[in-house]
Amino acid sequence: MDPITQEMSSRSTEINSFTTTTTPSTAIGSPSGSSSAAGSTTVSSPTTLSRYENQKRRDWNTFGQYLRNHRPPLSLSRCSGAHVLEFLRYLDQFGKTKVHTQLCPFFGQPNPPAPCPCPLRQAWGSLDALIGRLRAAYEENGGKPEANPFGARAVRLYLREVRDSQAKARGISYEKKKRKRPPAPSQAAALPPPS
């Protein structure tokens, strides 16, 4: 077996063993979430979460870890929009999107011809999706919608500012897409029924 095929085979085995060992399974009526073959008559089927749900859970755990590592440690009930902004700025160090500064000769060019020392940041689209998942996770974990720090005005303004600055720096315009409106009821009634 050539080295490439062998590596792909071993990765496939790793992925399969990972998915089988991390798939959550719960038994109905079992307080601990586990079941024994002799003591339970309920059959449990493994629950597979969607990609979105898995990502949401990972994001929620990451934010929880951030709060625990915060100095001083923060509880979720004391978390505000300002803490969410701190978290988003903290994530920038792991970004992969080149954002040109205004002093950079490539500022406003979508495809710069050479490398430059401008910083890497989190892309606006990634941050926007992250906030959406964390906003949903907050409410799913018992938070009140009106107290949701991920929906704070400061967070929305920050995301808008990031979007606009990245668009200018990269020479890409973000224009709002127009939604298609459903036909008005009078127009729908005037159409002949399909035969």
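This is a predicted model: local features need pLDDT of at least 70, side-chain atom pairs count only at pLDDT 80 or more; totals for chains, interfaces and linings use all residues.

User: Which residues in α3 and α5 meet?

Analyst: On the α3 side there are Gly-81, Val-84, Leu-85, Leu-88 and Arg-89, and they meet Ala-154, Val-155 and Tyr-158 in α5. By type, this contact has six nonpolar residues, one polar and one charged.

User: What is the overall pattern of the protein chain?

Analyst: Along the sequence you read α-α-α-β-β-α-α-α. That gives six helices and two strands.

User: How do you know how confident the predictor is in the protein chain?

Analyst: Check the pLDDT, which runs from 0 to 100. The chain's mean is 74, and 65% of its residues reach 70 or more. Confidence is highest in helix α4 (residues 124-140), at a mean of 93, and lowest in helix α1 (residues 3-22), at 38. Residues 1-41 have a pLDDT below 50, and that stretch has 19 contacts in the model beyond near neighbours in sequence.

User: Why does His-100 count as buried?

Analyst: Buried means under 20% relative accessible area. His-100 has 7%, so it counts as buried. You'll find it in the loop between β1 (97-98) and β2 (120-121). Setting aside residues up to four places away in sequence, His-100 touches Phe-106, Phe-107, Gln-109, Pro-112, Cys-116, Cys-118 and Ala-169.

User: Ala-169 is on that list. Is Ala-169 buried or exposed?

Analyst: Its relative accessible area is 1%, so Ala-169 is buried. Ala-169 lies in helix α5. Its contacts, again without residues up to four places away, are Val-99, His-100, Phe-106, Phe-107, Gly-108 and Gln-109. Ala-169 and Cys-104 are 65 residues apart along the chain, yet their C-alpha atoms are separated by 9.2 Å.

User: What makes Asp-59 buried?

Analyst: Apply the cut-off of under 20% again. Asp-59 has a relative accessible area of 8%, so it is buried. It lies in helix α2 and, leaving aside neighbours within four places, is in contact with Leu-130, Arg-133 and Leu-134.

User: Why does Cys-79 count as buried?

Analyst: Cys-79 has 8% relative accessibility, so it counts as buried. Cys-79 lies in the loop between α2 and α3. Beyond residues up to four places away, it touches Phe-63, Leu-67, Val-84 and Pro-149. Cys-79 and Ala-147 are 68 residues apart in sequence and 9.5 Å apart in space, C-alpha to C-alpha.

User: How many residues does the largest nonpolar core have?

Analyst: It has 23, and the ones with the most contacts inside it are Phe-63, Val-84, Phe-87, Leu-88, Ile-131, Leu-134 and Phe-150. Helices α2 (51-69), α3, α4 and α5 each give two or more residues, and α4 gives the most, with seven. Take Phe-87: leaving aside neighbours within four places, it is in contact with Thr-62, Phe-63, Tyr-66, Leu-130 and Leu-134.

User: Last one: which peptide bond is cis, from Arg-71 to which residue?

Analyst: The partner is Pro-72, and omega for that bond is near -10 degrees. Pro-72 lies in the loop between α2 and α3. For background, most peptide bonds are trans.

Note on methods: Residues are numbered from 1 along each chain as its sequence is written. Side-chain values use heavy atoms; hydrogens and water are left out. Contact means heavy atoms within 4.5 Å. Helices (H or I, at least four residues) and strands (E, at least two) are DSSP runs, numbered from the N terminus. Ala, Val, Leu, Ile, Met, Phe, Trp, Tyr, Cys and Pro count as nonpolar, Asp, Glu, Lys and Arg as charged, and the others, Gly among them, as polar. A nonpolar core is a set of buried Ala, Val, Leu, Ile, Met, Phe, Trp, Tyr and Cys residues joined through side-chain atoms within 4.5 Å. Buried means under 20% relative accessible area, exposed over 50%, partly exposed in between (1.4 Å probe, protein chains only).
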